[in-house]
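Please keep the sequence and the 3D view at hand while reading.

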Amino acid sequence: MGRLFRVELGRLLQSRVMWAAVLATLALPLAGYGLFPMLSWTTMATIYLANPICVGTLGGTLVFAALTLYELDRVRQFRMEAITDSVVSPAALAVARLAGIGVCALLTAALGFALYGPYTAWRLDLVFSLGDYALCWFLVVFPGLAFGSACAGVCYFVVGRADVSFLAAALFLLVPSYRGYTGDAAPWWQWGLVKLPALSDDFGNTLVFRIGAYTRLIWLCLFGGAVLLGLLCLRRYGKGLMGSFLLGLRRMWAGALAAVCLLSAGGLLWRYQPFLDHTPDNWIGVEEVDYMTDALQLVDASALVDASHTRTGIVSGRAVYRFENVSGEARELYFEMNSGYAMRSVRVNGERVPVTDCQEDYIAGRYWSCPVPAERDVVVELEYGGMPRLWNVSGGMYLDRVVSSRYVALDRKCVAPTPQTMILSENTPYRVELTLPAGMTPVSAGAVELLSSGEGTCTWAVEEKGRASISVYAADFVKADLEGGGVPIEFYFSEKHREQLEALDAVSAMEEAVAYCTAHYGPRTFDTGKPFKILQLTEFEFGGFASGNISATLEESFTTRSLQDREKGASGAEVLAHEIIHQWWGLGVMLQDPEDPFWTSEGMTTYSTYRLMEARYGEEYARVHYLEPWEAAVEDSANNFYVRNPEYLDRLPDLYRGNIEAAIQSVNWYSGTALMIKRAEALVGGQEAMDAILSKLYREGGTELGPAYVTLGDFLTACGLTEEAVGRG
């Protein structure tokens, strides 16, 4: 077999068809830079690495499937079966050819790695990661090409025709890939292309590649078993499919047994995957059981949590809770944990007690229970641990719970079990001693203090009051203390952007944005007595969040593309000021209208940025860099052929239609809405009158959808204007 493999590999390396397939595969990533982007998220790594890799892998898998069928069909095409079968076993020849094509796939990935490396490193600049780049080529591209070859080989072994086999392989590749990128399909369906929802610039992509490696392992087992079974179907002695299979089964029974083992292993890996929970598909209609009780009151809580195992991503902890049983009766106490965790032991007042797993996953959470006695003072000690699981409804799109060497994100279900009880008072203490990899700085809503440093790890104390749970985010954060608005504000961002933000003098611009919004709209609402924390998080979070005294913005705001977005601001510092203003319009109060898709927080934030820059640089600067570009963008959009003739838009291919619609939407979100608010400003009596209106809307909210939202109708009512008067529609 070894000699036959060397002969086949040497022949392939001299084949013009093989090198044509290699060159075609290496050219395909070029389409991912703009012609056919598969991902819409906007980090630099997504644009200049993930998109080309996805397009190259998907196209290259088809190319190598076609190459495999060409090679396997050559003997039949030239009617040489009788000669070759008398010299070498058809099964041995098929295995040697598949192995040779696999080596060619590895060679293709290595050439692509070397060819695209310099350009990718130049475009990504300070956020380039050699490890992530290598994994994209050797975990995503190479196995995709090899699996494409294996899939085509299996189809050919069974069908015996190259044309039908290619159609079957293409359908088997494209349907799961399309489903996986347009819906909530689990990532295991995508055998040709690892699911890359995006790539993070600043905080690593460990969980993306963990899931990718696991997916590759599943399909390595499945395709390995399928190839072994397919070899049994090779036609022999003029027999048909079933006759050849029975003959092959008698001669290669050991291979058949190995195939069954591999297929079973792949099925077990699929069934018992450790990454996604098992929330029901109809989760919206699930009536969640309320286990909260007022018979028990939490007096204090503490936990020792180890999140330093970055290679495995496993968290382990020990938590101690003190309760008052005000009912005087024995009770069942419930805790909620991440569904990837297990309760290892429970002790109540020093005695070990049984623990019950409710076995019902819901939004990455699961309830556990234990009995507590009728005694008034109850101390519960828990030992728990596991790898945090993700909510399966997202299909692995939002990787917002992870322990890795560059980023740790643990929400309240992941740090420690959350007791379903009342809290004794707003001063009830909660303390977590959290062990993290060295070099990471944790951020939480509560106070954070460094306790000790060890070999490769650091232990931090995170303290909170009046809560039964704590969320923690950790990375190589740099803290900037912002002044303005009369409240302490802490801004945490990735170390990678320190020089960039210093060069932009971004902190000064953000401070002015805070002071402006506080003075004109009102203070940002959060828990009193604590600093307001603005936190840069990974792109895998869903749209940022605001909770208590902590508010998160995504790393997209810090990309070169975002900082050069003229719709947000005339410079990088002004773009960051725009993002800070989103703490008021977007996270403080949301602008949304079900009847007007262009009424969003982007327009109000753009208008506020214009007002801030007018106050900072004067009317002429604001007119040249804001008003005139808005007017030009709106005029260009109105003159667009497809805007004036929308009936032709439906005739375009989906890709081009989507690009045109996205461009029109962007103009209306930013420039169009900002101009509308500017016209309303003139009609209500000037800037002071408009500030009074916006301040009231920010403080009180709207009425049509509730105080958390301001609709276009709420805005027009507050202004005493009609939609026709301000120019919308």
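In this predicted model, four strands make up an open sheet in the order 6-7-3-11, and their pairing is antiparallel. Strand 6 (356-357) and strand 11 (418-419) take the edge positions, each with a single partner strand, so one side of each has no neighbour in the sheet. Strands of a sheet pair through backbone hydrogen bonds, either parallel or antiparallel. Strand 3 (residues 331-338) and strand 7 (residues 365-372) run antiparallel and are joined by 8 bridges. Met 337 is found opposite Arg 366 of strand 7.

Another strand, strand 16 (residues 457-465), contains Thr 459. Is Thr 459 buried or exposed? Thr 459 has a relative accessible area of 16%, and because the cut-off for buried is under 20%, Thr 459 counts as buried. The side chain of Thr 459 makes a polar contact of 3.2 Å with the side chain of Thr 435. Neighbours within four places in sequence left aside, the residues in contact with Thr 459 are Glu 433, Leu 434, Thr 435, Glu 449, Leu 450, Leu 451 and Ser 452.

The aromatic side chains come next. A pair of aromatic rings is described by the distance of the centres and the angle of the planes. The structure holds 34 aromatic pairs. Two of them are set out below.

| Pair | Centre to centre | Angle between planes | Type |
|---|---|---|---|
| Trp 191 and Phe 223 | 5.1 Å | 70° | edge-to-face |
| Trp 599 and Phe 715 | 5.3 Å | 40° | tilted |

Trp 191 counts as buried at 2% relative accessibility, and Phe 223 counts as buried at 7%. Both residues are also members of one aromatic cluster, formed by Phe 147, Phe 172, Trp 189, Trp 191, Trp 219, Phe 223 and Trp 270.

For Trp 599 and Phe 715, the planes stand at 40°, so the pair is tilted. This pair also links distant parts of the chain, 116 residues apart. Trp 599 sits in the loop between strand 23 (590-591) and helix 16 (601-617), and Phe 715 in helix 21 (residues 712-719). Trp 599 and Phe 715 are both buried.

Some totals complete the account. The protein has 22 helices and 24 strands. Its chain counts 729 residues, and 53% of these are buried. Of the contacts between residues at least 6 apart in sequence, 73% join residues at least 24 apart. The accessible surface of the protein is about 31,600 Å², and carbon and sulfur atoms account for 57% of that surface.

Conventions. Residues are numbered from 1 along each chain as its sequence is written. This is a predicted model: local features need pLDDT of at least 70, side-chain atom pairs count only at pLDDT 80 or more; totals for chains, interfaces and linings use all residues. Side-chain values use heavy atoms; hydrogens and water are left out. Rings of Phe, Tyr and Trp (its six-membered ring) pair if their centres lie within 6.5 Å; planes under 30 degrees apart count as stacked, over 60 as edge-to-face and the rest as tilted. Buried means under 20% relative accessible area, exposed over 50%, partly exposed in between (1.4 Å probe, protein chains only). Helices (H or I, at least four residues) and strands (E, at least two) are DSSP runs, numbered from the N terminus. A polar contact is a pair of N or O atoms within 3.5 Å; within protein, one must be able to donate a hydrogen and the other to accept it, and residues adjacent in sequence count only if both atoms are side-chain atoms. Contact means heavy atoms within 4.5 Å. Accessible areas come from the Shrake-Rupley method with a 1.4 Å probe; for residues, only the protein chains shown count as cover. Two strands pair if DSSP finds at least two bridges between them.
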